[in-house]
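Work through the exercises below with the sequence and the model side by side. Try each task before reading its solution.

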Amino acid sequence: MAKTHRDRIIEAASALLTEGGRDAVSTRAVSAAAGVQAPAIYRVFGDKQGLLDAVAGHGFQTYLRSKKDNPVTDDPVADLRRGWDLHVGFGLAHPALYSLIYGDPRPGESPAARQASEILSDMIHRIAEAGRLAMTEERAALLVHAAGRGITLTLISMPEEQRDPALSATARDSVIATITTGPPPGATPDGGPVAAAVALRAVLPRTTALNAPERALLADWLDRIATSG
């Protein structure tokens, strides 16, 4: 199948990003490498930021394929631990792409970063359902995201020979210990009222014993218990 203008432009921009970083992805360089006129880039992507978002999304699919190495198991905490390692490993293997996705401090998230956040939220939700989350899902996801992103960008900024291989593992274990509680799967969770509230809040949408106003009221109570911790 013949490649479209969009395919050629994204591939050219991705190659330039890998070779020279974000600054190398100029409209002139991309149009020359893709064999298209510069106006074609604006017609397809709107502006340079649209092009960069498309490149980030294209590269992020590589990361999603790597997620096959992190299958869902009966231990959601172990799944999160492996997910952290995959995330950091992807960033170190693709530093320019990772910096493009996560290094821009603009408000909001790129589409690729938003997709990654959804994956993380799903993992956190499974921990909550298991009764092993020590805080609200939103707070836990933000903490894991901020720590993982910070560690990865910090390691990327260091010369490879100066990177401490234990730094990521130390941060990972510290964060997971902070957001989780209770015994391993198979034992009875005993994380106190906060973990119990978070677990019940996670499965509340599935209940049929309450009507909508009752579920909303209970959700508010559970949120207050969860945030009190």
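**Exercise 1. Start with the pocket lining**

Task: Find which helix gives the largest share of the lining of the largest pocket, then describe the rest of that lining.

Solution: 
- Step 1. Helix α4 gives the largest share of the lining, with four residues. This is a predicted model.
- Step 2. Place the helices. α1 (5-20), α4 (48-66) and α6 each supply at least two lining residues.
- Step 3. Go through the residues. The lining includes Ser14, Leu17 and Thr18. Val55, His58, Gly59 and Thr62 also belong to it. So do Ala93, His94, Pro95, Ala96 and Leu97.
- Step 4. Sort by class. Six lining residues are nonpolar, six are polar, and none is charged.
- Step 5. The largest pocket holds about 210 Å³.

**Exercise 2. Sort out the overall fold**

Task: State how many helices and strands the chain has, and how its contacts and surface are made up.

Solution: 
- Step 1. Count the elements. The chain has 11 helices and zero strands.
- Step 2. Read along the sequence. The pattern is α-α-α-α-α-α-α-α-α-α-α.
- Step 3. Check burial. Of the 229 residues in the chain, 38% count as buried.
- Step 4. Residues 24 or more positions apart account for 67% of them.

**Exercise 3. Classify an aromatic pair**

Task: Decide whether the rings of Tyr98 and Tyr102 are stacked, edge-to-face or tilted.

Solution: 
- Step 1. Recall what is needed. A pair of aromatic rings is described by the distance of the centres and the angle of the planes.
- Step 2. Count the pairs. The structure holds one aromatic pair.
- Step 3. Apply the geometry. The ring centres of Tyr98 and Tyr102 are 4.6 Å apart. Their planes stand at 35 degrees, so the pair is tilted. The cut-offs are under 30 degrees for stacked and over 60 for edge-to-face.
- Step 4. Tyr98 and Tyr102 are four residues apart in helix α6 (residues 95-102), so about one helical turn separates them.
- Step 5. Check accessibility. Tyr98 has a relative accessible area of 0% and is buried. Tyr102 is also buried, at 5%.

**Exercise 4. Describe the enclosed space**

Task: How many cavities of 30 Å³ or more are there, and what lines the largest cavity?

Solution: 
- Step 1. Count. There are two cavities of 30 Å³ or more.
- Step 2. Give the volume. The largest cavity has about 240 Å³.
- Step 3. Look at the lining. It has 18 residues, and Tyr63, His87, Ala116, Leu120 and Val144 lie nearest the cavity centre.
- Step 4. Assign helices. α5 (76-93), α6, α7 (111-129) and α8 (137-157) each supply at least two lining residues. The largest share, six residues, comes from α7.
- Step 5. Sort by class. The lining of the largest cavity has 11 nonpolar, five polar and two charged residues.

**Exercise 5. Locate one residue**

Task: Is Ala177 buried or exposed, and where does it lie?

Solution: 
- Step 1. Find the helix. Ala177 sits in α9 (residues 165-179).
- Step 2. The cut-off for exposed is over 50%. Ala177 has 54% relative accessibility, so it counts as exposed.
- Step 3. Compare with Leu133. Ala177 and Leu133 are 44 residues apart along the chain, and their C-alpha atoms are 9.9 Å apart.

Technical notes. Residues are numbered from 1 along each chain as its sequence is written. This is a predicted model: local features need pLDDT of at least 70, side-chain atom pairs count only at pLDDT 80 or more; totals for chains, interfaces and linings use all residues. Side-chain values use heavy atoms; hydrogens and water are left out. Rings of Phe, Tyr and Trp (its six-membered ring) pair if their centres lie within 6.5 Å; planes under 30 degrees apart count as stacked, over 60 as edge-to-face and the rest as tilted. Buried means under 20% relative accessible area, exposed over 50%, partly exposed in between (1.4 Å probe, protein chains only). On a 1 Å grid over the protein atoms alone, a cavity is a set of points where a 1.4 Å probe fits but cannot get out, and a pocket is an open set with protein on both sides within 12 Å along at least five of seven lines; lining residues have an atom within 4 Å of a point. Grid points are joined across faces, edges and corners, and a volume is the space filled by probe spheres set on the points. Ala, Val, Leu, Ile, Met, Phe, Trp, Tyr, Cys and Pro count as nonpolar, Asp, Glu, Lys and Arg as charged, and the others, Gly among them, as polar. Contact means heavy atoms within 4.5 Å.
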